[in-house]
Protein chains: 2
Amino acid sequence: MAERGGTEDVRRRNLSAVLTAVHRSGPLTRAALVQRCNLTRSTMGALVGELADLGLVYETDAGAARVGRPSPLVHANERVVALAVNPDVDAVTVGVVGLGGKVHRRIRYATSSVPSLDEAVNITRAVVEGLAVELEGTRHILGVGLAVPGLVNADKGVVRLAPHLGWKDVDVVGPFREALATPAMAANDATLGTLAESIFGAAAGYQDALYLNGSASGIGGGAMVGGRPLSGSSGYAGEFGHMVVQPGGEACHCGRRGCLETEVNLERLLHVAGLDHADAEQLEDALLSGPSFPVLREIRRQADVLAVALSNLVNVFNPEVIVLGGFLGALFAADGDRLSAAVATAPISGLGAEVRLARAALGAELLLVGAAEAVFAGVLAEPRQVAAG
Amino acid sequence: MAERGGTEDVRRRNLSAVLTAVHRSGPLTRAALVQRCNLTRSTMGALVGELADLGLVYETDAGAARVGRPSPLVHANERVVALAVNPDVDAVTVGVVGLGGKVHRRIRYATSSVPSLDEAVNITRAVVEGLAVELEGTRHILGVGLAVPGLVNADKGVVRLAPHLGWKDVDVVGPFREALATPAMAANDATLGTLAESIFGAAAGYQDALYLNGSASGIGGGAMVGGRPLSGSSGYAGEFGHMVVQPGGEACHCGRRGCLETEVNLERLLHVAGLDHADAEQLEDALLSGPSFPVLREIRRQADVLAVALSNLVNVFNPEVIVLGGFLGALFAADGDRLSAAVATAPISGLGAEVRLARAALGAELLLVGAAEAVFAGVLAEPRQVAAG
DNA sequence: ATGCTATGTTTACGTCCAGCACAAACAACG
DNA sequence: CGTTGTTTGTGCTGGACGTAAACATAGCAT
């Protein structure tokens with residue numbers, strides 16, 4: 001409703017469309033961009049020229065030789081970067097991510113205890129200073145994106161509650177912005193994971209996707225509806241872990257009983273497998289290669305409970321694909337058929353039959369890519385303003 | 001991504017913004033439109049002029065006399081109408097709805113048995129022919145919108161399954177289009193109810209809203225996310241009635257156990273109240289004016305179960321408001337505090353505290369307004385094309 | 001070497017909105 | 001009752017932008 005009406009807006013939208021296309025789909029010829037964006041060759045020439053002047057894209061000589069005039073490839077400039085930070089209970093991971101989605105550097109800074117906000121800021125500053133030489137070569141640092149395991153009000157840049165970090169009602173964006181002297185933004189880690197998987201991962205190309213991630217600290221997730229991330233009114237949407245699937249079940253730290261994450265969790269899997277530590281590969285080994293009967297039984301139990309939650313979500317969202325990450329991905333690898341079958345048959349009348357289940361594809365880079373994407377959203381929407389600043 | 005780039009698109013968008021504003025918010029002065037749409041007075045003059053030429057709006061002399069040059073009011077032309085049809089188990093309701101949301105006529109054609117598709121088409125044709133004289137006065141019939149109680153693929157115009165009507169995998173749009181010689185579209189009744197409440201009803205002005213409706217045939221609903229209706233990949237989203245809230249509970253017709261609508265339903269309420277028929281007023285009387293102890297107990301039980309479902313939905317969507325319609329509205333009236341309290345405290349850390357519960361506001365006109373809105377969506381998006389056709 | 005084909009570039013043109021100056025209509029004030 | 005001030009619609013000019021069409025270019029095919 002409150003769209004700006006001017007002619008200026010047209011140019012902005014077109015620049016945005018072109019930049020977004022090369023960012024998401026990788027290098028494209030001008031001709032390909034003309035098709036995708038539904039513009040003429042002359043307009044595309046002007047747009048690519050302007051983006052190149054802004055330093056956001058560059059052109060290289062054509063790759064595939066073909067009949068007709070060779071068309072140079074338009075690349076998103078990977079030297080335009082975002083910093084990405086993921087504070088967690090035992091480490092702060094910092095990344096440098098280029099436009100186009102490439103993770104240039106990923107540094108996991110292990111901590112001896114759960115990091116406070118100040119510690120996270122200091123660690124990030126130290127790591128970034130250590131990369132100073134490397135960052136010299138980049139054209140532009142657009143900002144820093146924070147992927148926080150907890151409830152985050154993205155608009156205000158405030159962490160409402162991050163139980164495992166012990167952060168509560170704190171402004172996280174401010175300290176990072178001042179420490180790094182660059183724009184900062186924060187969002188829930190699972191929400192950003194959803195974004196990353198839907199752009200570069202297992203949900204790429206789908207308009208309606210769900211993402212559920214299982215970690216030691218619980219189950220989080222997010223949704224893409226009609227190609228847009230579901231944020232909710234304050235950015236808290238996607239707390240799938242606290243869907244009640246077993247009324248009167250075990251008490252959850254949220255105060256209710258029988259939440260999904262009290263029934264389906266990593267700890268129980270590790271317990272029956274006789275493992276102590278949450279190591280992804282070890283767990284996968286234990287679940288996949290000749291699991292013992294108790295392990296099998298627990299896998300089936302958790303798969304059945306998860307299936308109920310997934311069926312509910314299918315009934316609510318009618319998605320094209322559901323992506324499972326973390327230990328939920330391992331669970332899917334271990335008993336995917338059971339999960340698929342339950343999801344496909346349980347909801348009303350074949351509704352679920354069209355839903356594809358998939359395992360997350362981005363692995364360790366997931367949150368860095370997602371956090372960077374939150375930063376890139378600014379340039380992608382308004383290439384002129386942000387590149388100038 | 002595939003937005004048309006032309007300058008023509010700017011005009012289309014501005015025309016759309018202006019028409020949408022007067023359609024949703026009622027008569028507005030040009031000055032008000034200038035503010036809302038963020039355009040200049042001269043541009044607004046051209047836009048209103050063009051919309052008036054197209055017959056979509058008209059101007060009347062100013063209402064409130066005020067300092068300054070009097071400003072005429074721009075009205076959406078209520079003589080531009082959509083037909084709305086709601087087939088149900090015991091009646092086919094046909095409506096004539098004008099731009100601006102006014103229901104000109106509403107005719108409930110009772111049937112002795114559950115109507116087949118052919119019967120529904122014939123009844124509609126007969127009713128519309130009976131209104132021929134009246135419709136002469138209208139400027140333009142834009143099309144017919146169908147609100148169907150069941151799973152509808154809105155893109156294809158196909159009813160996948162309407163259990164209570166006994167319709168299954170049938171093209172409903174085709175027959176209506178041919179019978180009435182006008183464009184036709186179909187959607188799920190609850191989805192359209194959501195649309196109606198979010199534009200003209202209790203959820204007006206909210207960007208993120210949920211709607212749950214309880215009828216004799218179950219519980220349906222829909223969501224508005226970021227101001228857009230949540231449709232899902234095939235248009236089946238919003239089947240809240242089949243969220244499992246009581247695993248191992250009573251069997252549901254969908255094949256699972258403990259679905260929301262097996263636990264929270266009209267029949268049980270009528271039973272404890274000693275009523276036979278599903279009359280809205282009688283039910284409300286029974287629930288509100290000195291209910292017996294068994295009735296009170298059932299109200300509290302259903303409210304508690306509903307609260308769990310609502311909490312889950314709050315965790316998933318983080319909405320601003322939840323609108324309850326049908327017997328759920330009566331339930332809310334009877335035990336609103338219990339419901340509000342449960343929703344506000346149950347989900348994690350005050351997340352739910354910001355959610356407002358409200359009762360549906362549109363009553364009997366709900367589905368007609370919603371179905372018409374689905375038709376109006378076309379003109380609102382592209383005023384030029386549709387008005388010309 | 002010549003033609004073919006797909007692509008980039010230049011130019012004239014039409015569309016559209018912003019900004020400015022002006023006119024119209026009414027209220028407030030003396 | 002007339003003057004002044006305020007708000008709002010209208011006409012006009014200029015600038016920004018995309019389109020269409022003709023032209024230029026660069027490699028492949030024969």
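**Note on the domain and chain interfaces**

1. Domain 2 of chain A and domain 3 of chain A together bury about 930 Å², of which 54% falls on carbon and sulfur atoms; buried area here is the accessible area (1.4 Å probe) that two parts lose on being put together, summed over both. The model is predicted, so that local features need pLDDT of at least 70 and side-chain atom pairs count only at pLDDT 80 or more, whereas totals for chains, interfaces and linings use all residues. Residues are numbered from 1 along each chain as its sequence is written, chains are lettered from A in the order in which they are written, and side-chain values use heavy atoms, with hydrogens and water left out.

2. The assignment for chain A, whose bounds come from an automatic or database source, places domain 1 at 7–76, domain 2 at 80–192 + 366–388 and domain 3 at 202–361. Between domain 2 and domain 3 of chain A the C-alpha centres are 27 Å apart, and the contact (heavy atoms within 4.5 Å) takes 10 residues from domain 2 and 9 residues from domain 3.

3. On the domain 2 side of chain A, the residues that lose the most area to domain 3 are A:L151, A:H164 and A:A190, together 41% of what that side buries. Across this interface there are 0 salt bridges, a salt bridge being a side-chain nitrogen of Lys or Arg within 4 Å of a carboxyl oxygen of Asp or Glu.

4. Chain A and chain B bury about 4700 Å² between them, 54% of it on carbon and sulfur atoms, with 57 residues from chain A and 57 residues from chain B taking part in the contact. The count of salt bridges between the two chains is 4; B:E354 and A:R160 meet through their side chains in a salt bridge at 3.2 Å, N to O.

5. In the largest nonpolar core, which has 80 residues, A:L212, A:F317, B:L212 and B:F317 touch the most other members. Such a core is a set of buried Ala, Val, Leu, Ile, Met, Phe, Trp, Tyr and Cys residues joined through side-chain atoms within 4.5 Å, where buried means under 20% relative accessible area (1.4 Å probe, protein chains only). A second, separate core of 52 residues includes B:L28, B:V97, B:L362 and B:A371.

6. Beyond its neighbours within four places in sequence, A:L212 has contacts that include A:I219, A:F240, A:L306, A:L310, A:L313 and A:L328.

Definitions and conventions
Buried means under 20% relative accessible area, exposed over 50%, partly exposed in between (1.4 Å probe, protein chains only).
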